[in-house]
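Work through the exercises below with the sequence and the model open. Each task is followed by a solution in steps.

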Amino acid sequence: MITFTCCFLALIVGYFVYGKFVERVFGIDPARVTPAFTKQDGVDYIPMPTWKIFMIQFLNIAGLGPIFGAIMGAKFGTASFLWIVLGSIFAGATHDFIAGMLSLRHDGESLPELVGRYLGNNFKQFMRAFTVVLMVLVGVVFVAGPAGLLASLTPDYLDTTFWVIVVFLYYILATLLPIDKIIGKIYPLFAIALLFMAVGIFVMLYVNHPPLPEFTDGLRNTHPDALPIFPIMFVSIACGAISGFHATQSPLMARCMKNEKYARPVFYGAMITEGIVALIWAAAATYFFHVNGMEENNAAVVVDSITKEWLGPVGGVLAVLGVIAAPITSGDTAFRSARLIVADFLRMEQKSIAKRLLICVPMFLISIAILLYSLKDKDGFDMIWRYFAWSNQTLAVFTLWALSVFLARARKLYWITLIPALFMTAVCSTYIFIAPEGLGLSVALSQGLGILVTIIVWAIFLVWKYKYKSSQSVG
């Protein structure tokens, strides 16, 4: 428990110390009027209380990642704890904060438009398509997961298919209606359930004092299938450390934030909170695997077992409802983000319901087709999840490079995003080489090629920086 406690405290200290440092590097301006007021439209641009924005941002980015991802990542041992802490503080929260601030400074622009500002028009076009595809995958993934959990809590005639329909109908309403009508009203209730779950499991960790990995154990890989820590663990534990999906959600809250001084609590703070949730579940999963072995690969089973054993029947149901709420509140805003990304690209106003439907109907039809495939094929959901996990981390890579270019052009300390960008470039490129759905190469060759790709990308950045600096000197 010493390592777990140290990691927990490190996340809190990281918010107050490194979070403040990152805020100072960017340079907030409390006197600047935010787009919530300058572009207020009653649908997406609506000034909202900061506590509510934090709750929405936290639930938007939480999803299944910090729970299911952390549970599967716990099989790797102590390294999972370290990645959650270091990744959240130095990569994930920094990524979320600066991306959120850039959206705030540019009238709530969506992520592809922001990336295009700093990486060029070609990247903008690519990111528009890539991000919308990712948002659809998130929506599909976060329908199937909670639907299965709800089916386990209800009578047999209310099966997974029934709950898939119910959740999807909710997604349609949440995507189309003004943000303060559904999302702004029910998220606080979902947040209570999710926080109850996290606090309950946290308390029971100290009550039961289970054997957990310690720093003294080293970074030995304890995964039963001997999967390599690099890159598999860094893709498995995505949302609990860094996630490109987060940068697609930040513009939603940038359009509702009343003042820039609230950006660190909302953007940086929500990621640190998510890291804490991931750390708690990684520790709880370690206990489960210690007692039951590591053969269980269904994270939902681990959640159900732990909550019922530690929190009792009633507490277990409330905790599982919290786990259900997390993905649902990411799925609905994923579709909403996709709508806004397409609207930004087409420069289509979203105040009228007809224009919103024009974008949403094709998007929902495509989502339903993918969802039907995932339900029909027994391995369909797992395949979609793997593609989601990789594309999610790849999106973080593009975002980090865009942020690094912005900081370099602004003559700010760009190393705070450059180092995470280099690391995540190595992770994602290595995963492409090693994954079965990728090239399926050997571990050593994949890691070597991943490092080579990273060096090449770094060289491209250095050449750009030199040319940009020279052009500025001439100018």
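## Exercise 1: salt bridges

The structure holds 11 salt bridges, a salt bridge being a side-chain nitrogen of Lys or Arg within 4 Å of a carboxyl oxygen of Asp or Glu. This is a predicted model, in which local features need pLDDT of at least 70 and side-chain atom pairs count only at pLDDT 80 or more, while totals for chains, interfaces and linings use all residues. Residues are numbered from 1 along each chain as its sequence is written, and side-chain values use heavy atoms, with hydrogens and water left out.

Solution. Step two: Asp44 is in the loop between α3 (35-38) and α4 (50-62), and Arg339 is in helix α14 (residues 299-346), 295 residues apart. Helices here are DSSP runs (H or I, at least four residues), numbered from the N terminus.

Solution. Step two: the pair ties together parts that are 155 residues apart in sequence, because Glu260 lies in the loop between α12 (244-254) and α13, and Arg105 in helix α6 (residues 78-105). Step three: Glu260 counts as buried at 1% relative accessibility, whereas Arg105 counts as partly exposed at 22%.

Task: which residue forms a salt bridge with Asp344?

Solution. Step one: the partner is Arg255, with the closest N and O atoms 3.2 Å apart. Step two: Asp344 belongs to helix α14 and Arg255 to the loop between α12 and α13, 89 residues apart. Step three: Asp344 is partly exposed at 22% relative accessibility, and Arg255 is buried at 3%.

## Exercise 2: aromatic pairs

Task: how many aromatic pairs does the whole structure have?

Solution. The search finds 34. Rings of Phe, Tyr and Trp (its six-membered ring) pair if their centres lie within 6.5 Å; planes under 30 degrees apart count as stacked, over 60 as edge-to-face and the rest as tilted.

Task: classify the pair Tyr15 and Tyr268, then the pair Phe130 and Phe398.

Solution. Step one: Tyr15 and Tyr268 are 6.2 Å apart centre to centre with 50° between the planes, a tilted pair. Tyr15 is in helix α1 (residues 2-16) and Tyr268 in helix α13 (residues 263-292), 253 residues apart. Both Tyr15 and Tyr268 are buried. Step two: Phe130 and Phe398 are edge-to-face, at 6.1 Å centre to centre and 85° between the planes. Phe130 lies in helix α8 (residues 121-153) and Phe398 in helix α16 (residues 380-409), so this pair ties together parts 268 residues apart in sequence. Phe130 is buried with a relative accessible area of 15%, as is Phe398 with 17%.

## Exercise 3: Trp415

Task: where does Trp415 lie, and which ring cluster includes this residue?

Solution. Step one: Trp415 is in helix α17. Step two: ring pairs link Trp415 with Trp401, Tyr414, Phe461, Trp464 and Tyr468 into a cluster. Step three: Trp415 is partly exposed, with a relative accessible area of 38%.

How values were computed. Helix = DSSP H or I, 4+ residues; strand = E, 2+ residues; numbered from the N terminus. Buried < 20%, exposed > 50% of the residue type's maximum accessible area, 1.4 Å probe, protein only.
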